[in-house]
Amino acid sequence: MTQSGSSGQVSRDGGTDTLTVEDISAYAVMRRLLVDILWPHRRVLFVALISMVVGAATSGAVPFLIQVVADEVFVAKNETLLYLLPVAIILVMGVRGVADWTSKVTDAWLGNKVVSELRIRMFETLTKADLAWVERTHSGRFVSAFVNDADIVQRAAAKTMTALVKDSLTVFFLTASMFYMDWRLALLVCAGMPFAYLYLTRQRKRISGSVRRSLKEAGDLGSMLTQTLQSLRVVKAYRQEQREAERFRTIVDNIVRYLMKTARSRAAVGPVTETLSGVGIAAAIFYGGWQGIYGNVSLGHFAGFLTAAMLTYPPMRTLAQTQAQLSEGVTAASRIFAVIDHSAIVAEKPGAEPLNVREARIRFEHVDFSYDNGTPVLRDFDLSIEPGQKVALVGPSGAGKSTVLNLALRFFDPSGGRILIDGQDIRDVTLPSVRGASALLTQDPVLFDETIRTNIAYGSEEASQEKIIEAAKAAAAHDFISRLPNGYETHVGEAGGRLSGGERQRVAFARAMLRDAPILLLDEPTSALDAEAEAKVQTALDGLLKGRTVLMIAHRLSTVKRADLICVMVEGRIVERGSHHELIAKNGAYARMFHTQFVGEAPALAAAGR
Ligand SMILES: Nc1ncnc2c1ncn2[C@@H]1O[C@H](COP(=O)(O)OP(=O)(O)OP(=O)(O)O)[C@@H](O)[C@H]1O
């Protein structure tokens, strides 16, 4: 058992069967964004806040200036103020302009920072996450989190931060000025606010629901696009273009449906705030005018108040619209947090030491394992591989051969038994040291869309050019690489698509050579090659196997013959073990396999002198 309590039944890794998004409150999400992400940039945040406060305060000063202009210049005919007031207004507006510029730039910076930080954290989680979880979650869901969700958070962060702080402060200052000037009039203007608040809360819930669904559909769209691009040959060969296009159209239509729902809820905010502001201002004009005619309210007083009321509504309207945007941002952020919060179950114990590889002896000690559906895949799997020994696993499809390699690399943890390398349980040592002890070669080598040199040096970045060439020579790859126009600097294309299968495999061999790991795990790396290509990589493979402990999955007689020990697996158990000749003589499961699967290869191998 690991410290994280891994049970080997992958579905029980904390109960996250899919990427469930919890209903987190807007407050919780914003608090997290503020504390976790923004706090390290508190200086910029501080500058942003100051500029917003200054901007809001200058707005609050404008009605007073208007009041003074009306009362002192127009009514009292004060000439000195006539010269002073324009200067004061230019100053106030100038300060407001600078504050506005500063708050916009700092907001954009903080918005971008929030999103890049969220993207980085998601990526880190992904690279450290359990394979089981990543495989279970559709790639489109991740792509959507990185692209759509992050984009929405960015827009929401940049816009709502200004609106929430600056516009709230502006509304506060202006409302305060209104109450200071005439509290009765101010009450009239503000009477509609509680209704607006209740209405907005209802709209916010609606928006949150439709945004969540549109983002989910956007994830499905991403998944479908990836899937179609990967399987375009099959789509064409089976003439499914029309069907795929219709499926795509359904998803796109759904997205539009949910986006329109969001747009309608968002737009519904406008008429309500407009009407309320109209009613408020109309009431203020009527009551203020009445006071002007029959009471003792001065023109300046009334004009100043009306300016304050007029100036209050635009930021209030923005605040109302912000509710919608905030709701979208919170929904998208909670989807991102669902990715970030995933905790890997295959994790290191605290204070784990690195694996100390002395001889590279591997021991699978009564290992049991099942994937998330709970069906046992390995049952009492018991195998010792001596230093330098080459062991081949053979058996029918689904017997659990690849699973054994997955467990050796600690991609999953067994539910029973232990796996030891040189006597150390691989759950007790650091993860990079376990994975660093082995090199894995698969049927379909994984190359990145980089140069050949970068692909060979993947995982051994510090290797010199000489070492890279040496590894390529040992992997019989140097000659073909040298013939390429850009040699080692040739880009291999997406997934190595510009190279042939055999060339890709030799680049992968060179990578393993350079890595020089004491343990080699092979998942029949030659099985996807034709006879000619295979012949070219055989020598490379022999060189690679020399002096290493090897565990290989074998589908071909040529691979089986390389092994010192052959283990026949059936339904997760080793049912026979021995050398090729011993097992043939036994006339059991291996002999049957030999006669059905391998016999066709035997004459070719004999001719090749193997
Ligand atoms: N990620 C996974 N999640 C759930 N079940 C899995 C997963 N990978 C493999 N299995 C199941 O585990 C069993 C063993 O699979 P495994 O790939 O180890 O067999 P194998 O012997 O390598 O087969 P093959 O020779 O066809 O590659 C199969 O029944 C398979 O369906």
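Q: Is the crossing of α3 and α11 left-handed or right-handed?
A: A crossing counts as left-handed if the near helix is turned anticlockwise from the far one by less than a right angle, and as right-handed if clockwise. Here, α3 and α11 cross in the left-handed sense. Before going on, note that this is a predicted model, where local features need pLDDT of at least 70 and side-chain atom pairs count only at pLDDT 80 or more, while totals for chains, interfaces and linings use all residues. Residues are numbered from 1 along each chain as its sequence is written.

Q: At roughly what angle do the axes of α3 and α11 cross?
A: Axes are lines fitted to C-alpha atoms, for helices over the stretch in contact, and angles run from 0 to 180 degrees between N-to-C directions. Helices themselves are DSSP runs (H or I, at least four residues), numbered from the N terminus. Helix α3 (residues 79–128) and helix α11 (residues 299–340) have axes that cross at roughly 35° and come within 8 Å.

Q: Which residues of α3 and α11 meet?
A: Two residues are in contact if their C-beta atoms, placed from the backbone, lie within 7 Å. From α3 come Leu118, Arg121, Met122 and Thr125, and they meet Ile336, Val339 and Ile340 of α11. For classes, Ala, Val, Leu, Ile, Met, Phe, Trp, Tyr, Cys and Pro count as nonpolar, Asp, Glu, Lys and Arg as charged, and the others, Gly among them, as polar. This contact has five nonpolar, one polar and one charged residues.

Q: How do α6 and α10 cross?
A: Helix α6 (residues 183–190) and helix α10 (residues 269–294) have axes that come within 8 Å and cross at roughly 155°. That makes α6 roughly antiparallel to α10, a word used for angles over 145 degrees. Their crossing is right-handed. Leu185, Leu188 and Val189 of α6 make the contact with Gly280, Ala283, Ala284, Tyr287 and Gly288 of α10. By class, six are nonpolar, two polar and none charged.

Q: What about α7 and α10: at roughly what angle do they cross?
A: The axes of helix α7 (residues 193–230) and α10 cross at roughly 180° and come within 11 Å. That makes α7 roughly antiparallel to α10. In α7, Ala196, Tyr199, Leu200 and Gln203 meet Val269, Val272, Thr273 and Leu276 in α10.

Q: Which residues surround the ligand?
A: A residue is near a molecule if its C-beta atom, placed from the backbone, lies within 6 Å of it. Around the ligand are residues including Glu135, Tyr371, Asp372, Lys401, Ser402 and Thr403. Helix α12 (residues 401–408) gives the largest share of this shell, three residues. By class, the shell has three nonpolar, six polar and three charged residues.

Methods
Helix = DSSP H or I, 4+ residues; strand = E, 2+ residues; numbered from the N terminus. Parallel < 35°, antiparallel > 145°, perpendicular 65-115°, else oblique.
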